[in-house]
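Hi everyone, thanks for coming. Let me bring the model up on the screen, and then I'll walk you through it.

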Amino acid sequence: MSEADASVVIEGLRKRFEAPDGKPFDAIDDISLTVRAGELTAFVGPDGAGKTTLMRMMAGLLRPDDGSLQVLGIDVRADPQAVQNRISYMPQRFGLYEDLSVQENLDLYADLHGVPQEVRRERFGRMLEMTDMARFTDRPAGKLSGGMKQKLGLACTLVRSPDLLLLDEPSVGVDPLSRRDLWKILDQLIADEQLSVIVSTAYMDEAERCAQIFVLNRGKVLADDAPDTLREKADGLTYVADALPDAPARTLQARLIDAPDRIVDAVPKGGDVHFIRRPECEEAALGDLLSGTRFEPREAKLEDAFMLLLREHEGEAASGNDMATADLPPSGEKEAGRSGNDQEAPAIVVRDLVRKFGDFTAVASTSFDVRRGEIFGLLGPNGAGKTTTFRMLCGLLPATSGHLEVAGLDLRTARAKARGRIGYVSQKFALYGNLSVRENLEFFAGAYGLRGAHARERVKAVIAQFTLDQAAQSGILPVGYKQRLAMAAGLLHEPDILFLDEPTSGIDPLARRAFWRTITSLAQAGVTVIVTTHFMEEAEYCDRIAIQDAGEMLALGTPAEVRAQAGETASDMNEAFIAIVEQGRARHTDKKAAA
Amino acid sequence: MSGASGFRTRLVALTRKEVRQLLRDRSNLFVGLLLPLALILLFGYGLSFDVKDAPVAIVLEDRSPTAQEAIAGIGGSPYLVPVWPASMAEAVVLMRAKKVEAIVRVPVDFSQRRGAGDARIQLIVNGADATTASSIEGYVNGAIQTPSRHAADRSGGPSGGGVTLVQRTWFNEAGNSTWYLVPGLLVLVMTLIGAFLTSLLIAREWERGTLESLFVTPVRPIELVLSKLAPYLVIGAIDMSVCLISARFLFEVPIRGSLVVIIIASLLYLIVALLLGLFISGATRNQFAASQMALLASFMPAMMLSGFVFDLRNVPVVIQVISQLLPATHFMELVKSLFLAGTIWPMVLKDCAILTLYAVLLAFLTGRMLRKRLD
């Protein structure tokens with residue numbers, strides 16, 4: 001293929017790294033592929049698939065160990081600078097200079113790319129308009145919200161029209177609204193300038209926009225096709241089932257995911273359970289697993305094909321992907337005395353909660369209850385006040401006013417006592433990397449005031465519950481295991497309530513399934529779980545969710561109720577979320593206009 | 001765009017960025033401008049080996065006028081303050097309590113023996129602090145001998161054995177340690193500013209992930225190095241002026257060599273120090289490690305091993321070899337002789353050549369550290 005047709009040509013590419021445990025492993029394992037020019041191409045894969053390594057090699061930042069790599073017809077290994085002069089690259093964490101203003105960041109990158117002044121004026125105007133940042137040009141980049149930073153990063157990457165644009169997970173950790181904005185900008189530029197774009201992503205809806213998708217796992221290309229062709233792989237294997245009577249959808253979902261010999265994947269969705277059967281398992285063999293509940297085939301989606309490919313490959317690679325189900329209670333049972341618990345005092349009572357930072361109201365008059373044994377989701381865009389609400393509930397931050405009761409204890413008067421009843425897993429798992437799993441747990445047991453035989457017993461119990469390797473060094477565990485360890489530490493003192501702050505951010509779909517499987521069984525055991533997340537589909541696991549924006553509670557109810565509130569147009573949780581936040585913002589603007 | 005104008009545009013853009021970051025980060029400015037001032041005042045005033053107003057106990061067991069006259073000089077010395085205990089025992093108590101630094105004892109038979117030309121005065125010094133003790137010894141000797149020489153002059157005959165030792169110190173005639181330390185301060189300040197401030201620069205960009213974005217632009221490593229050098233060269237030049245001005249006017253150290261040579265040599269050394277900091281920063285990629293390393297690899301050796309305080313001829317061979325490897329040692333030697341002795345061209349040329357060699361070597365190594373690769 002000539003340069004005009006292909007933007008990237010890779011043959012027999014290999015890149016070896018040293019794993020944290022000192023063993024070498026192939027991050028990119030003998031890959032050959034061709035990316036067509038003038039198209040939008042996606043690299044899709046879980047963590048450790050090699051997406052970032054591949055991107056960095058194409059950008060000339062990493063040297064391949066073996067094979068050939070041509071970008072825009074140039075051998076990257078021989079002349080990385082020639083490639084770097086022609087491409088634009090947005091790393092996963094775009095390095096904005098936080099002490100420089102928005103305008104200064106843009107100017108710097110325009111100067112470095114040698115964008116002439118007359119071109120610049122037009123381009124900046126357009127970029128600022130598209131990113132809706134014209135008002136903030138003087139603001140230091142460090143003072144922007146997460147979504148805004150990402151948009152500015154994209155704007156800096158696109159100060160000129162490159163011959164090839166590389167985007168490494170541009171939307172990771174970004175809320176659905178900012179994510180939509182990012183794609184609006186990309187769509188517009190691709191349409192206007194016929195850009196060649198390669199984007200790596202964990203979101204299937206983003207991959208679906210692309211002309212070509214490469215599915216990667218453990219340094220290998222599993223598939224390479226257009227979205228529609230890929231989707232066909234799952235044809236005839238996908239179903240939707242009603243939830244079991246008197247139980248949330250996640251109960252059936254948990255049971256299905258526990259049967260990997262017959263089921264590839266299962267997720268709760270819209271009150272039902274969407275699942276994929278294994279190709280070798282006949283449809284007739286599903287009956288007993290579903291204990292008679294109604295199920296019917298549904299149209300295959302890209303995500304189904306992706307999960308299918310991933311599970312097949314994982315099955316070949318190693319059977320080591322255990323699901324931490326060792327000590328989980330069987331999922332078929334009715335949730336522990338749920339109906340009886342409803343009459344009991346709620347686990348959390350929030351009344352007219354307000355938190356101000358100076359003039360800024362982070363949380364405005366918020367009220368809600370959380371029942372015992374409930375999974376309660378707190379959703380909202382970046383900067384909505386989720387984290388602030390969360391910290392107040394955990395007693396880490398005093399409320400400005402309002403009433404706050406956790407496990408029957410008033411947080412104003414009995415904060416220390418209330419803390420003893422809650423477990424908290426922070427966004428960045430606060431573990432000691434150079435201690436072993438066991439040492440970490442022993443430390444946290446001590447910190448929670450557990451002593452002697454009881455402490456030893458609890459450490460042993462959580463190690464078994466989460467199937468952890470007690471001698472492993474915490475710092476070199478895979479992300480999924482780190483997260484399990486963090487949860488284990490949070491559950492040492494058998495809290496009534498577990499707080500999880502964005503526990504699944506940066507975790508691949510397989511690990512996320514395992515995580516929610518654990519949460520489901522914790523809820524069955526009677527633990528109340530409060531969780532924040534950016535993945536809207538995860539709201540489906542929750543009994544009830546609350547959507548916050550600009551400190552105000554916009555919606556509160558079961559996922560079905562929230563979807564109903566969003567209106568007819570919202571087909572899934574993601575769209576429902578966007579609709580509700582936009583309705584809320586419109587009301588706000590109207591109010592302001594009226595005043 | 002042509003290659004040269006691209007280079008200029010990028011260099012200006014990067015330098016502007018560095019200057020903005022420097023000006024917006026208060027802590028950096030504090031270290032860059034106030035810390036040197038604090039160092040100058042601290043070392044200039046606080047670190048001195050001179051003895052002033054040292055209390056000396058005088059035990060007069062012979063109270064004759066001859067004895068009184070013999071020790072009269074002590075009262076007149078600017079370095080000594082006489083204390084008058086009643087007895088030797090009392091003087092010993094004072095000495096033990098560290099209330100006096102020395103005891104001068106004039107024995108009962110002083111006048112008698114003086115007549116015989118065999119008079120003795122006992123001097124006891126506190127050897128715990130050897131430097132102070134030997135200074136005091138010298139002062140007391142001087143204070144006692146001056147009047148006796150005067151007496152000899154008056155009587156017209158030779159005093160004592162007739163041989164008088166006349167001491168003379170060159171270059172630092174007053175034996176003033178400030179003269180000796182302040183030129184060295186210039187070295188310390190340049191080292192601190194150079195290595196410590198710049199050690200954070202590249203590491204910070206690694207930590208914040210800004211380098212990865214920067215790498216995939218037409219930027220060349222040399223442009224990154226130069227843009228990080230320029231603003232700190234200005235800060236260093238300001239500090240150098242402060243050092244020179246305070247040396248000349250605050251501490252009144254003579255500048256006997258050429259001021260132009262001092263300035264050129266200092267700028268040369270500053271570049272070496274800045275590059276060393278950048279190199280450490282690029283090698284560690286971690287701000288904390290880089291700043292610790294910079295202190296250990298540049299500031300500490302510059303203070304201990306460059307001849308700032310301790311004469312390098314008296315240290316073991318290993319340390320001598322290490323000290324010869326330090327750029328600071330060569331600059332220290334040069335700057336001290338430029339201040340106190342004058343411009344000695346062979347030395348100027350030799351040391352400047354060594355510093356230039358270091359600058360080139362470090363510039364090359366730092367450029368390699370910034371070659372646009374993540375592995």
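A quick word on ground rules. This is a predicted model, where local features need pLDDT of at least 70 and side-chain atom pairs count only at pLDDT 80 or more, while totals for chains, interfaces and linings use all residues. Residues are numbered from 1 along each chain as its sequence is written, and chains are lettered from A and ligands numbered from 1 in the order in which they are written.

So, chain A. It has 19 helices and 24 strands; these are DSSP runs numbered from the N terminus, with helices being H or I of at least four residues and strands E of at least two. Its C-alpha trace spans about 70 × 65 × 50 Å along the principal axes. The radius of gyration is 25 Å, in agreement with the value near 25 Å for a compact globule of 595 residues. That radius is taken over C-alpha atoms, and the globule rule is 2.2 Å times the number of residues to the power 0.38.

From the record, UniProt lists "domain: ABC transporter" for residues 8-243 and 348-575 of chain A, in an unreviewed entry. Positions from UniProt are in the numbering used here, feature names are shortened, and annotations may be inferred rather than shown by experiment. Residues 8-243 of chain A are 33% helix and 28% strand, with end C-alpha atoms 47 Å apart.

Where do the chains meet? The contact takes 25 residues from chain A and 26 residues from chain B, where two residues are in contact if their C-beta atoms, placed from the backbone, lie within 7 Å. On the side of chain A, the elements giving two or more residues are helix H2 (80-84), strand E6 (87-90) and helix H3 (102-112). H3(A) provides the largest share, five residues. By class, this side of chain A has 13 nonpolar, six polar and six charged residues. Here Ala, Val, Leu, Ile, Met, Phe, Trp, Tyr, Cys and Pro count as nonpolar, Asp, Glu, Lys and Arg as charged, and the others, Gly among them, as polar.

Now chain B, with 15 helices and four strands. Its radius of gyration is 28 Å, well over the 21 Å from the globule rule for 375 residues, so chain B is more spread out than a compact globule. Its C-alpha atoms fill a box of roughly 100 × 45 × 40 Å along the principal axes.

The unreviewed UniProt entry annotates "transmembrane region" over several spans of chain B, including 257-281 and 293-310. Residues 257-281 of chain B are 92% helix and 0% strand, with end C-alpha atoms 35 Å apart.

Last, helix H11 (residues 259-284) of chain B. It packs against helix H7 (residues 177-199) of chain B at about 30 degrees, with axes 7 Å apart. That makes the pair roughly parallel; angles under 35 degrees count as roughly parallel, over 145 as roughly antiparallel, 65 to 115 as roughly perpendicular and the rest as oblique. Axes are lines fitted to C-alpha atoms, for helices over the stretch in contact, and angles run from 0 to 180 degrees between N-to-C directions.

H11(B) also packs with helix H14 (residues 327-340) of chain B, at about 165 degrees and with axes 11 Å apart. H11(B) and H14(B) are therefore roughly antiparallel. Their contact residues divide into ten nonpolar, no polar and no charged.
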